[in-house]
4 protein chains.
Amino acid sequence: MFNSFGNILRVTTYGESHGTAIGGVIDGFPAGVKIDLEAVQEELNRRKPGQSKIVTQRKEPDTVEFNSGIFEGVSTGTSIGFIIKNTNQKSKDYNHNTNVYRPSHADYTYDKKYGIRDYRGGGRSSARETANWVVAGALAKQLINSIDINAFTSSVGDIFMEKPYQDLDFSKTESNIVRCPDEDSAEKMITRIQEIRKAGDTIGGTITCVAKNVPVGLGEPIFNKLHAQLGSAMLSINAVKGFEFGSGFCGAKMKGSEHNDIFNADGSTKSNLSGGIQGGISNGMDIYFRVAFKPVATIMSNQQTINSEYELTEIIGKGRHDPCVVPRAVPIVEAMTALVLADFFLLNKTRNINI
Amino acid sequence: MFNSFGNILRVTTYGESHGTAIGGVIDGFPAGVKIDLEAVQEELNRRKPGQSKIVTQRKEPDTVEFNSGIFEGVSTGTSIGFIIKNTNQKSKDYNHNTNVYRPSHADYTYDKKYGIRDYRGGGRSSARETANWVVAGALAKQLINSIDINAFTSSVGDIFMEKPYQDLDFSKTESNIVRCPDEDSAEKMITRIQEIRKAGDTIGGTITCVAKNVPVGLGEPIFNKLHAQLGSAMLSINAVKGFEFGSGFCGAKMKGSEHNDIFNADGSTKSNLSGGIQGGISNGMDIYFRVAFKPVATIMSNQQTINSEYELTEIIGKGRHDPCVVPRAVPIVEAMTALVLADFFLLNKTRNINI
Amino acid sequence: MFNSFGNILRVTTYGESHGTAIGGVIDGFPAGVKIDLEAVQEELNRRKPGQSKIVTQRKEPDTVEFNSGIFEGVSTGTSIGFIIKNTNQKSKDYNHNTNVYRPSHADYTYDKKYGIRDYRGGGRSSARETANWVVAGALAKQLINSIDINAFTSSVGDIFMEKPYQDLDFSKTESNIVRCPDEDSAEKMITRIQEIRKAGDTIGGTITCVAKNVPVGLGEPIFNKLHAQLGSAMLSINAVKGFEFGSGFCGAKMKGSEHNDIFNADGSTKSNLSGGIQGGISNGMDIYFRVAFKPVATIMSNQQTINSEYELTEIIGKGRHDPCVVPRAVPIVEAMTALVLADFFLLNKTRNINI
Amino acid sequence: MFNSFGNILRVTTYGESHGTAIGGVIDGFPAGVKIDLEAVQEELNRRKPGQSKIVTQRKEPDTVEFNSGIFEGVSTGTSIGFIIKNTNQKSKDYNHNTNVYRPSHADYTYDKKYGIRDYRGGGRSSARETANWVVAGALAKQLINSIDINAFTSSVGDIFMEKPYQDLDFSKTESNIVRCPDEDSAEKMITRIQEIRKAGDTIGGTITCVAKNVPVGLGEPIFNKLHAQLGSAMLSINAVKGFEFGSGFCGAKMKGSEHNDIFNADGSTKSNLSGGIQGGISNGMDIYFRVAFKPVATIMSNQQTINSEYELTEIIGKGRHDPCVVPRAVPIVEAMTALVLADFFLLNKTRNINI
């Protein structure tokens, strides 16, 4: 319940950043899907630390092993177990912080909730968990491979990529290390992150995600609205502070006469302020949404804080951390999107007896 | 699954706007809670149509009846059934639209998904459904009555109430019909909605919600993060296009050195950009978030559209509709917030064997 | 969670025997099923009190009203709300027992669990609840109408109908009031129940259920095994003490060489000790199982007991109760069987990408 | 959903008998429980193959490794990942059966449901899966360590241990290899199994389970009745064909005047035909139930069968299999009982606001 996501297609995960391994179980994945294991590993590689100069310099290979549910290259319909061994567990790095609460981390809340906490590297609250999601999402992508999911960095700090997504060539997203398909913006973003890193600071940003070729009819109209489940998925990602789809917060300033998406004769709409979702259900237009990430809380400056005895103390800024999570979060956003869409794709097979 | 919300405390609903009744079942509500039925009805009255000149002029009494689960004024721990009879079902009003797809409504998507649709007044996609949620939320409020939940209108179109919430007196929210506790802003908002109504148009807006006295430890750290579940709840409300908590989208522009919430010696924090939630778990600070509502899709102008035969046709602007949903959505936002917090309050009783 | 049954097709119920109404919500029922409302009422009539001389003489019409989810005679895919009003609530009948714990009833356990209890007529623990299930099951039957579900009384006390089910004509089940398709046995059973009733006592019995034309592939192989879910469904029915399918407890005495079901060339099996289920999944053969019901705990003799103050007291035998629940439980067994099969029928649409 | 068991405390599993590993995730296990890992391994050892002359002679060490959720010997409240590596994967043993359907196994149903099947050693349908359950159950036992759960072999074929469980010394269950605490019966059972083994045949049996010191109030009264969930748990175990609790099928032959459990002044009951559960809720008396296991389908004789091309063929009796599953199923029954009770123990913390 607490470590599971999805209705029919459900991933359940475990793992602390400095335990022996992380991993999970993918349940409800249907039989008969040809599985490309290399494509899964490639998604993991997009997320892994140490891949460029603007992300954390920790080196973790993040190799996934599958233990079940795939036989002779095809999904069998049984649950898919997978494991990613932790190979870079220098937990002594963290011994100095065993009872210190890092500001804007989850140390304090875990301790209050559970009375105990694996303090090594963030434990369960580490974003390392998202490697599990990328694995599950990579399989989900293969299940719904006619849907085209593209996330990209749309802002870093106050540098915004202003072009409408329709003008972008998504094949360029991977051509630069910040994962922004507009090269001019990408360059500025990279420069900004390098400045921030040099200053020992961190910075926030946003990711935009576009899903094309989504069939009409995905999503449930009341409590599993497609956008509500996408929102829940995105807000599950570490550091996320906001989610908007279609017109989003801008839509709240608009008038109905401006905002309505007028139909074309074929059922498509002239505008798409709805963001491809009406009444919680996909309408066949592009689904697009935007996700806000706060700056990473671990910075290289010393900060005043408290420990578990409520004593004031100082936390020393050191270690290897991302100056900006956004570039590495791009594949995570795609993975969670794929999980949501694949789940609704399966669910939709049960909703109309005549189909 | 599709019409249920919550983990332990779970509400399951039914009802179309022009059927005989709407209603639902509240499951997992614990025994021993003294129930104030009048307080429930009062919450419903805050949501009901016809309550002021800036909302829809439909008259619906929206009287809730409870059928089970409450005995001699106390919850019994068994499921609570309730029903709100529909008394204003002039479905012939809608006969002209039986197969016409209203722009930016859910008509088209329902038809494509289900192959059939109760076309009277929006059917299941009508915001009438949210009356059910207000009932459930009103009970949830009574379960967690030490938590103080206050939502209010923070913008209408481009009129923003700019004061920080800490400067507001929430007791004034109900003193004006737009439900903005700042009287100057309220007046401007009301004027704006009246202009919009006169123009036969509609307008969007935002609601901010603040929860005070939330115990530390609510929320689950991975897939039931407190803010992810709040986001899912808010995005379930009709017309919602975005959700942000704490620093939200602004946080994405900030640096870590600015954004971190430094601890005081008592475990509280000097700033609260985290919005009362760290690692998905409440930290005892105020929880606050903002919800964006698009303008109502039903406008008084004629619009070009199509019907189920993919023929171009025109939809005539008439009927009684809200020029702006935000004032009536304030109690809905509170209700959904209460449901989420009460659910996590119960869930938290199971998470630490020593408590 | 507590008052819900099913995975995809899920019924959630409420209601106490002497509240204003019982009812529920059926979620996940697919769109496009033609609904015969009279057939639903007929199933309820099979369960209702007062229908013959061998069941309780209470008169309750048990009329179901549907509030949503069915439009112009067809299911719409939205949740189906229904209500059965309580019309025979002579709660003063029960006033003498407000704090007395009836032996082998749920009074004591409810009080200890919840600290409060609707003591009128059993409250939520009354078998009246099963009327809700019959409604849901009657709709499920219409969803999977090619499957033929037949339950019947197979024993009353020590009177056993010994014929193999293959020799029975199920069309005769409704031809006698005890619902045993073998007329000789039926007569003996009826006589036995009449004797028991005269003696102011009650008696147990068993129901056998046979489902024919079940498609191959229903059921999930690990924790939603078809027989595990059928067992859970049957054990949910009031007074049930045991469940066995296929060879059941007899199978535990057998050898593998006797028990194995050898295949015919078409995939059917020569014997069917498996009861139509292998590895938790239907194999296309008849599914059959047997359910044990204890004697009703309310008897017409006075019994020593205690009250909520732990004082010894006497409970007076009076009121109108069933001398044997089995005849009225036949439609309940069928209803729960239909719910399980319909749920797995829907679920199975998601399990193989090539189907 | 399909590979998960439990409400709050939920285990999700994966693994095929001849894959690289089996394992799972235990979710909802509360923080603060001291974990004895050796005790977990000891439970696994009770289940493992090769432990005596009357079980399969396959040698599998079945060593469990925990990857998360336990820190410094205490549960942290985060999900507990575990893995049991398969070390005895002689899958070539099975190559001759790749497309042959073994009688009364799950080969045929898997193939029809999924269109693909890991044919090596039963794949997912192998009872090897239950090793996962024993791990989860062993942790559950530690969570509810004041409850005393004792299962034992109560019959093998037609040899029944006739003593009431109250006359047994459960400390003797492990003193013989068939796990029957009555030594005379145990000896006869062992002899019987040896005869059966020599004959190349298999035999069924029953297990009785008794849970003492169960707190009053566990179980939910409608669809999560304590006995319904126990039944579902037991019916999930491979080869189980029936479940009865308390008076069980015998109760169906009794009269109410005989069957009612009369209260003592302290709330206990003079008899306990209810089996410790009334209205789905534990009443503090011993919970006891009986589980029927069919004979293992793999026998040493050749059997006629079909293959996936619907051709008649012969299956050759060979390999290493249990002549009777019952002795090794005893710890599995206990494990599933512990999971159910622990789940309801946690759930019960949410059901009464005053506790």
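Which residue of chain D forms a salt bridge with C:Lys113? The points below take this up, interface by interface.

1. Basis. This is a predicted model, in which local features need pLDDT of at least 70, side-chain atom pairs count only at pLDDT 80 or more, and totals for chains, interfaces and linings use all residues. Residues are numbered from 1 along each chain as its sequence is written, chains are lettered from A and ligands numbered from 1 in the order in which they are written, and side-chain values use heavy atoms, with hydrogens and water left out.

2. Salt bridges, D with C. The partner of C:Lys113 is D:Glu220, with the closest N and O atoms 3.2 Å apart. A salt bridge here is a side-chain nitrogen of Lys or Arg within 4 Å of a carboxyl oxygen of Asp or Glu. Chain D and chain C have two salt bridges between them. On the side of chain D that touches chain C, 44 residues are nonpolar, 42 polar and 18 charged. In this scheme Ala, Val, Leu, Ile, Met, Phe, Trp, Tyr, Cys and Pro are nonpolar, Asp, Glu, Lys and Arg are charged, and the others, Gly among them, are polar.

3. Extent, D with C. The contact (heavy atoms within 4.5 Å) involves 104 residues of chain D and 105 residues of chain C. About 8,200 Å² is buried between the two chains, 62% of it on carbon and sulfur atoms. Buried area is the accessible area (1.4 Å probe) that two parts lose on being put together, summed over both. D:Lys113, D:Phe223 and D:Lys241 supply 11% of what chain D buries against chain C, more than any other three residues.

4. Strand pairing, D with C. Strand β12 (residues 240-245) of chain C pairs with β12 (residues 240-245) of chain D, antiparallel, over three bridges. Strands are DSSP runs (E, at least two residues), numbered from the N terminus; two of them pair if DSSP finds at least two bridges between them. C:Gly242 has D:Glu244 as its bridge partner in β12(D).

5. Extent, B with A. Here 105 residues of chain B contact 104 residues of chain A. The buried area is about 8,200 Å², with 62% from carbon and sulfur atoms. B:Lys113, B:Phe223 and B:Lys241 give 11% of the area that chain B buries against chain A, more than any other three residues.

6. Specific links, B with A. The count is two salt bridges. In one of them, B:Glu220 meets A:Lys113 at 3.2 Å, N to O. The β12 strands (residues 240-245) of chain A and chain B pair in the antiparallel sense over three bridges. A:Phe243 has B:Phe243 as its bridge partner in β12(B).

Conventions:
Helices (H or I, at least four residues) and strands (E, at least two) are DSSP runs, numbered from the N terminus.
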